[in-house]
Amino acid sequence: SFPTRRSSDLGGSFGNSYQLPSFYDLHWKEGSQAVGNPDLLPEKSSGWNIYYKFEIAENFIKLSYQYNEVDDLIRWYRSMYFWKPGNIGSAEITNYQVFSELNLINDIKLNFSWQRTFSINKSLNQAGEQSSHYNKNIVYTPTSFTSILLEIPIYNFTWISSYNRTGRQWTTDDNFYPA
């Protein structure tokens with residue numbers, strides 16, 4: 001017989017956030033001296049998400065969409081001999097996500113997760129025109145992430161097999177060089 005317990009959820013949220021630079025935004029310059037970036041601005045964002053989750057018995061699939069607009073996005077970049085935090089004037093970040101957990105026969109579990117990310121630089125120059133990096137991908141932000149996990153119980157043990165794949169990332173603001 002088929003499982004009869006079914007449910008579905010539809011939801012979402014919206015909001016604003018504000019993030020001050022922290023100790024994680026310090027960088028090391030020549031030896032063990034930690035310094036901050038005096039020009040680093042606080043990060044401000046507003047966004048929303050929507051999701052749908054469908055569940056049958058112990059199995060579910062969840063689909064979600066997230067959208068954020070970020071001003072003064074804090075990101076790390078390579079400055080001559082060391083890494084340093086800096087700001088991107090404006091960015092739009094969009095995520096499409098799929099999550100699922102399936103409980104198959106004999107307590108075998110299969111988990112799947114996939115995310116597609118669009119992180120786009122929307123910065124304008126001081127004259128209010130599009131910067132040279134306008135509509136380019138933000139560096140070191142993966143375009144996708146996939147994860148599959150299979151759990152098979154065997155007597156008092158569990159055999160686990162997993163696969164993870166991180167998508168393309170860019171190492172330069174002009175998007176000429178993928179990581």
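These notebook entries record what I looked up in the structure above.

**Entry 1: the model**

I noted that this is a predicted model, in which local features need pLDDT of at least 70 and side-chain atom pairs count only at pLDDT 80 or more, while totals for chains, interfaces and linings use all residues. Residues are numbered from 1 along each chain as its sequence is written, and side-chain values use heavy atoms, with hydrogens and water left out.

**Entry 2: T94**

I located T94 in strand β6, residues 82-103. Strands (E, at least two residues) are DSSP runs, numbered from the N terminus. I then asked: is T94 buried or exposed? T94 counts as buried because its relative accessibility is 11%, and buried means under 20% relative accessible area, exposed over 50%, and partly exposed in between (1.4 Å probe, protein chains only). Leaving aside residues up to four places away in sequence, I found T94 touching Y65, Q66, Y67, R116, T117 and F118; a contact means heavy atoms within 4.5 Å.

**Entry 3: the largest nonpolar core**

I listed the six residues of the largest nonpolar core as V70, L73, I88, A91, I93 and I138. Two or more residues of this core come from each of β5 (59-79) and β6, and β6 gives the most, with three. A nonpolar core is a set of buried Ala, Val, Leu, Ile, Met, Phe, Trp, Tyr and Cys residues joined through side-chain atoms within 4.5 Å. For A91, the contacts beyond four places in sequence are N68, E69, V70, L73, I120, K122 and I138.

**Entry 4: strand pairing**

I followed β8 (residues 144-154), which pairs with β7 (residues 109-121) in the antiparallel sense over eight bridges. Two strands pair if DSSP finds at least two bridges between them. N111 has L149 in β8 as its bridge partner. β8 also pairs with β9 (residues 157-166), antiparallel, over ten bridges, and F145 stands opposite T166 in β9. The hairpin of β8 and β9 has two residues between the strands, and Y155 takes a positive phi near 55° there.

**Entry 5: the surface patch**

I found a nonpolar surface patch of L10, F14, W48, I50, Y52, F54, I61 and L63, with about 830 Å² of accessible area together. Accessible areas come from the Shrake-Rupley method with a 1.4 Å probe; for residues, only the protein chains shown count as cover. β4 (43-56) is one of the strands supplying at least two residues, and β4 gives the most, with four. I50 lies in β4 and is partly exposed, at 40% relative accessible area.

How values were computed. Patch = residues over 30% accessible without salt bridge, like charges linked within 9 Å, V, L, I, M, F, W, Y side chains within 5 Å. Salt bridge = Lys/Arg side-chain N within 4 Å of Asp/Glu carboxyl O.
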